[in-house]
Amino acid sequence: MNEQSVNTPLSKGSKTKEKIVKTALKLFSAKGFKATTVRDIAGAMGVKQSALYNHFKNKDEILETLIADLTSSAIVHLFDSNKEPQEVAKGGKALLAGIATKFKLLSFDRQNEALFKLLMQEMFRNERVREIYNEYFYQENVKKLSSYFFMMMQEELIKSSDPLLLANEFFSPLFFYQMQVSLLKMDKKSTSSVVSLFEKHVELFWDNIKLEKQTSLF
């Protein structure tokens with residue numbers, strides 16, 4: 001995509017299509033894909049069903065567009081940085097704190113919360129969604145973090161261990177806390193008991209893996 005196309009304002013048709021996708025995401029995440037009809041989407045937009053069919057064949061095609069959006073969601077880009085990997089790894093605890101903070105902030109971002117809910121709902125029904133979860137949300141992030149843990153071991157920042165296992169152990173609670181926040185928000189309950197767990201997890205995890213520097217008496 002060239003610079004000119006990036007800066008070109010969206011056409012009326014493109015804006016309508018974008019609105020359809022956003023409206024569908026809101027309804028899919030709230031009611032579920034199966035329970036949402038094209039009539040529901042059209043009604044929420046205040047247009048006739050025929051207006052939607054000008055852009056999408058059916059709601060399955062809308063879902064395909066949303067599935068494509070999952071691969072570019074913020075959770076996929078946890079490790080985007082202009083720094084060299086070795087330099088990022090030297091951050092040690094700061095790197096882990098940054099990841100946890102992103103997870104927490106994403107829990108309160110409406111767009112990403114809706115995408116996360118859609119992902120959870122469709123994972124058991126849609127093979128493509130499972131593939132995306134496994135490849136982009138799980139495998140890629142775990143693989144990247146394990147490589148950073150390996151570099152931390154080389155820098156003698158953390159104890160020698162299985163970097164892949166460490167990556168899994170670090171990520172698992174974050175996904176769980178994110179889900180808990182979503183569930184509490186869904187029931188309009190306070191999330192204060194959960195939000196502090198993101199930082200506490202980093203503290204506890206780092207204290208268990210950090211390598212204490214040996215101080216010489218001579």
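**Notebook: an all-helix model**

I looked up E156 and found this residue partly exposed, with a relative accessible area of 49%; I use buried for under 20% relative accessible area, exposed for over 50% and partly exposed for what lies in between, with a 1.4 Å probe and protein chains only. The model is a predicted one, in which local features need pLDDT of at least 70 and side-chain atom pairs count only at pLDDT 80 or more, while totals for chains, interfaces and linings use all residues. Residues are numbered from 1 along each chain as its sequence is written, and side-chain values use heavy atoms, with hydrogens and water left out.

**Two positive phi values**

I noted that E156, although not a glycine, has a positive phi of about 60 degrees, and I placed E156 in the loop between α9 (127-154) and α10 (163-186). K188 is another non-glycine residue with a positive phi, here near 55 degrees, and it is found in the loop between α10 and α11 (192-209). K188 counts as exposed, at 76% relative accessibility. I kept both entries because most residues other than glycine have a negative phi.

**Overall layout**

I counted 11 helices and zero strands in the protein, where helices are DSSP runs of H or I with at least four residues, strands are runs of E with at least two, and numbering starts at the N terminus. Of the 218 residues, 38% count as buried. The protein exposes about 13300 Å², of which carbon and sulfur atoms supply 54%; this area comes from the Shrake-Rupley method with a 1.4 Å probe. Among contacts with a separation of 6 or more, residues 24 or more positions apart account for 69%, a contact being heavy atoms within 4.5 Å.

**Helix α10**

I then followed α10, which has 24 residues and reaches 35 Å from its first C-alpha to its last, close to the 34 Å expected at 1.5 Å a residue; the expected span is 1.5 Å times one less than the number of residues. Its buried residues include P163, L166, A167, F170, F171, Y177, Q178 and S182. What covers the buried residues of α10 includes α7, α8 (110-122), α9 and α11.

K185 also lies in α10, but I found K185 partly exposed, with a relative accessible area of 27%. Leaving aside residues up to four places away in sequence, K185 touches S107, F108, E113 and T191. The C-alpha atoms of K185 and F108 are separated by 9.1 Å, although the two residues are 77 residues apart along the chain.

**Nonpolar cores**

Which residues have the most contacts inside the largest nonpolar core? I found I99, L145, F149, F170 and F171, in a core of 33 residues; such a core is a set of buried Ala, Val, Leu, Ile, Met, Phe, Trp, Tyr and Cys residues joined through side-chain atoms within 4.5 Å. Two or more residues of this core come from each of α6 (85-89), α7 (93-107), α9, α10 and α11, and the largest share, nine residues, comes from α10. L145 touches F79, L96, I99, A167, F170 and F171, not counting residues up to four places away in sequence. I also recorded a second, separate core of 25 residues, which includes V38, L119, M123 and F137.

**Aromatic rings**

My search of the whole structure gave eight aromatic pairs; rings of Phe, Tyr and Trp (its six-membered ring) pair if their centres lie within 6.5 Å, and planes under 30 degrees apart count as stacked, over 60 as edge-to-face and the rest as tilted. The pair of F170 and F205 is edge-to-face, because the ring centres lie 5.2 Å apart and the planes stand at 65 degrees. F170 lies in helix α10 and F205 in helix α11, so this pair ties together parts that are 35 residues apart in sequence. Both F170 and F205 are buried. Ring pairs also join F103, F149, F170, F171, F175 and F205 into a cluster.

**Charges over rings, and a buried glutamate**

I found the charged end of K59 over the ring of F33, 4.5 Å from its centre, and K17 over the face of F56, at 5.3 Å from the ring centre. For this entry, NZ of Lys or CZ of Arg must be within 6 Å of the ring centre and within 35 degrees of the ring normal.

Not counting residues up to four places away in sequence, E122 touches F33, L63 and V129.
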